[in-house]
Amino acid sequence: MVVTTMLTYIFPPPPSLFVTAMTVISFTSSANLGLSELRGKHLHYSKFWNSGSKTSAAKNIELSSRTGMLIAYNPAFLAGVASFVLYPQENIRILLLCSALTIHFFKRIFEVLFVHNYSGGMNLDVVSAISLSYFLSTAAVTYAQYLAQGFPEPSVDLKYLGCLLFLIGISGNFYHHYLLSKIRSKGDKDYKIPKGGLFGLVICPHYLFEIVEFVGISLISQTLYAFSFTIGSALYLIGRSCATRRWYLSKFDHFPKNVKALIPFVL
């Protein structure tokens with residue numbers, strides 16, 4: 001009964017050890033990172049870049065945030081571009097998926113180069129982990145979609161709803177990144193409380209819209225791997241946003257208590 005209901009909305013899982021392993025790994029690793037954020041053990045980037053202990057040689061190699069983020073995003077972007085060549089675009093779904101992923105990482109690179117104002121650095125081990133994660137996830141979701149082309153389409157077609165959510169998510173994410181970039185003048189390294197957009201309701205609206213974007217990609221794909229990746233990513237971003245709210249509460253005495261972490265009036 002459960003399987004039949006699931007197959008109404010998703011393709012059958014392909015007989016691929018790589019995709020099956022990535023489905024489990026993507027969910028469990030991202031969910032675990034979210035729990036770690038809630039417990040105060042943060043990935044070392046953004047405002048948490050120098051938190052915690054640094055002992056390994058890789059951790060002692062520090063890069064500028066701009067350089068680190070470019071290294072993190074470029075392999076996934078190239079994987080998205082390569083998917084147009086590697087996988088025949090035999091139907092509109094795989095074309096939409098490859099396009100969405102490539103646009104997503106192109107936007108990330110554009111923001112790194114022209115939008116974000118960075119004040120800290122990144123450790124090499126974190127850059128390497130993020131870069132590998134994004135690359136493998138992009139490779140896995142496109143490969144899973146390619147394998148799914150041999151199966152019947154799900155009874156409920158969600159790809160166009162997915163396109164709509166993807167556009168809403170990527171637009172909202174970019175807008176709030178732009179607002180974040182404007183709260184500090186060039187050379188100013190002090191953090192300030194963000195204003196405008198949904199920042200009056202939640203401290204991480206850019207994460208909220210990123211989750212909407214990932215949900216859109218999952219609905220375009222309608223594969224088990226895509227949904228697994230999205231749920232895991234959402235759990236990580238929930239943990240990261242709660243940690244960010246705690247950071248603002250500890251840093252600013254006048255931080256408004258009614259501002260939630262991620263979901264207006266809820267979380």
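**Core packing and helix contacts**

Leaving aside residues up to four places away in sequence, Y225 touches V19, M22, T23, S26, S137, A140, V141 and A144. In this predicted model, Y225 is also, together with L97, V141 and I217, among the residues with the most contacts inside the largest nonpolar core, which has 17 residues. Two or more residues of this core are contributed by each of α2 (17–38), α5, α6 (124–148), α7, α8 (205–221) and α9 (224–251).

The axes of helix α5 (residues 92–114) and α7 are 11 Å apart and meet at an angle of about 0 degrees. Because this angle falls under 35 degrees, α5 is roughly parallel to α7. On the α5 side, the contact is made by I92, R93, L96, A100, I103, H104, K107, F110 and E111; on the α7 side, K159, Y160, C163, F166, I170, N173, F174 and H177 take part. By class, ten nonpolar, three polar and four charged residues form the contact of α5 with α7.

Helix α7 (residues 159–181) also contains G172. With a relative accessible area of 9%, G172 is buried, because a residue counts as buried under 20% relative accessible area. The C-alpha atoms of G172 and Y207 are separated by 9.6 Å, and the two residues lie 35 residues apart along the chain.

How values were computed: Residues are numbered from 1 along each chain as its sequence is written. This is a predicted model: local features need pLDDT of at least 70, side-chain atom pairs count only at pLDDT 80 or more; totals for chains, interfaces and linings use all residues. Side-chain values use heavy atoms; hydrogens and water are left out. Helices (H or I, at least four residues) and strands (E, at least two) are DSSP runs, numbered from the N terminus. Buried means under 20% relative accessible area, exposed over 50%, partly exposed in between (1.4 Å probe, protein chains only). Axes are lines fitted to C-alpha atoms, for helices over the stretch in contact, and angles run from 0 to 180 degrees between N-to-C directions. Angles under 35 degrees count as roughly parallel, over 145 as roughly antiparallel, 65 to 115 as roughly perpendicular and the rest as oblique. Contact means heavy atoms within 4.5 Å. Ala, Val, Leu, Ile, Met, Phe, Trp, Tyr, Cys and Pro count as nonpolar, Asp, Glu, Lys and Arg as charged, and the others, Gly among them, as polar. A nonpolar core is a set of buried Ala, Val, Leu, Ile, Met, Phe, Trp, Tyr and Cys residues joined through side-chain atoms within 4.5 Å.
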